[in-house]
Each structure stands twice: as structure tokens, then as C-alpha cells.
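Student: Hi! I've just opened this one and would like a friendly walk through it. Could you help me read it?

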Amino acid sequence: MSSNYRSILNAQGSSFSNTKSIALDGVDDFVDCSNPSNLNFSADDAFSFSVWFKKSSDSNFHQIINKQLAAPSFNGYILFIDSSSQVNFMIRESSTLFHKITDNDTHPIDTWVHYSYL
């Protein structure tokens with residue numbers, strides 16, 4: 001297991017007692033949910049998600065949710081913050097068919113933001 005990976009079970013630490021959330025250090029941790037089929041969907045499916053995030057830097061790209069296949073297809077979906085600090089959601093279904101939604105609001109560093117797609 002990579003040092004950047006923390007599963008839901010071991011991310012809580014000895015002093016963390018909430019079993020409904022995880023504690024990440026905000027540097028390089030992530031949660032790997034494996035590849036369950038119930039998280040597969042396309043642009044034609046009904047779905048929603050809700051996340052809280054806080055940018056810690058103005059780097060060019062921040063992934064928030066990512067369920068994509070590897071190159072060359074990259075089919076799947078991704079929620080990310082681009083270099084303009086705008087939130088983007090993209091579903092890719094083939095090399096030529098993808099749907100992208102961009103939020104025109106920008107999100108400052110070190111500010112918690114709640115983002116929902118319904």
C-alpha cells in the first residue's frame with residue numbers, strides 16, 4: 001500500500017472516534033473506493049453528489065472526485081478545480097463524447113466550499 005493512501009479504516013487514527021467520516025491531512029491523502037459497479041454512470045443516468053472542499057494552494061489542478069479509466073480512453077467522471085479556481089465536472093463516455101459543466105464562481109484558498117450536483 002502506498003504511503004499516500006489511507007483507507008477508511010486506518011485514516012481515523014487513535015484519537016478519532018467518529019465512524020461516519022475520515023480525517024485526512026490535506027497534503028497527499030486520498031480514499032480508494034475500489035471499482036464498485038454502482039458508482040458507474042453515464043450522462044444519461046440520474047445521479048447527484050455533494051462535497052465539501054478547501055483549496056490549500058493555487059496549483060493548476062485539484063482533483064476532488066475521480067472515477068476514470070486509464071489512458072487512452074479516460075472514460076468515467078471527474079470533479080476538479082482548474083487553474084482559474086473554477087469547479088468543473090466532466091463525464092467522458094468515449095474519446096469523442098464527453099459532457100463538461102463549469103461553475104463560473106471562483107473559490108479562494110483556505111475557504112471551505114460546499115458543492116452539490118443534483
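Student: Let's start with Phe 89. Which residues does Phe 89 touch, leaving out those up to four places away in sequence?

Tutor: Phe 89 touches Phe 41, Phe 47, Phe 49, Tyr 77, Ile 78, Leu 79, His 99, Lys 100 and Ile 101. Contact here means heavy atoms within 4.5 Å. Do keep in mind that this is a predicted model, where local features need pLDDT of at least 70, side-chain atom pairs count only at pLDDT 80 or more, and totals for chains, interfaces and linings use all residues. Residues are numbered from 1 along each chain as its sequence is written, and side-chain values use heavy atoms, with hydrogens and water left out.

Student: How many aromatic pairs are there?

Tutor: There are 8 aromatic pairs in the structure. Rings of Phe, Tyr and Trp (its six-membered ring) pair if their centres lie within 6.5 Å; planes under 30 degrees apart are stacked, over 60 edge-to-face, and the rest tilted.

Student: Why is the pair of Phe 47 and Tyr 117 called stacked?

Tutor: Their ring centres are 5.2 Å apart and the planes meet at 20 degrees, so this pair counts as stacked. Phe 47 sits in the segment before strand E1 (49–53) and Tyr 117 in strand E6 (residues 113–117), 70 residues apart. Strands (E, at least two residues) are DSSP runs, numbered from the N terminus.

Student: Which residues do ring pairs link into a cluster?

Tutor: The cluster holds Phe 47, Phe 49, Tyr 77, Phe 89, Tyr 115 and Tyr 117.

Student: New topic: where is Asn 88?

Tutor: Asn 88 is in strand E4 (residues 86–92). Asn 88 is buried, at 1% relative accessible area.

Student: What does its side chain make a polar contact with?

Tutor: The partner is the side chain of Asp 82, at 3.1 Å. A polar contact is a pair of N or O atoms within 3.5 Å; within protein, one must be able to donate a hydrogen and the other to accept it, and residues adjacent in sequence count only if both atoms are side-chain atoms.

Conventions: Helix = DSSP H or I, 4+ residues; strand = E, 2+ residues; numbered from the N terminus. Buried < 20%, exposed > 50% of the residue type's maximum accessible area, 1.4 Å probe, protein only.
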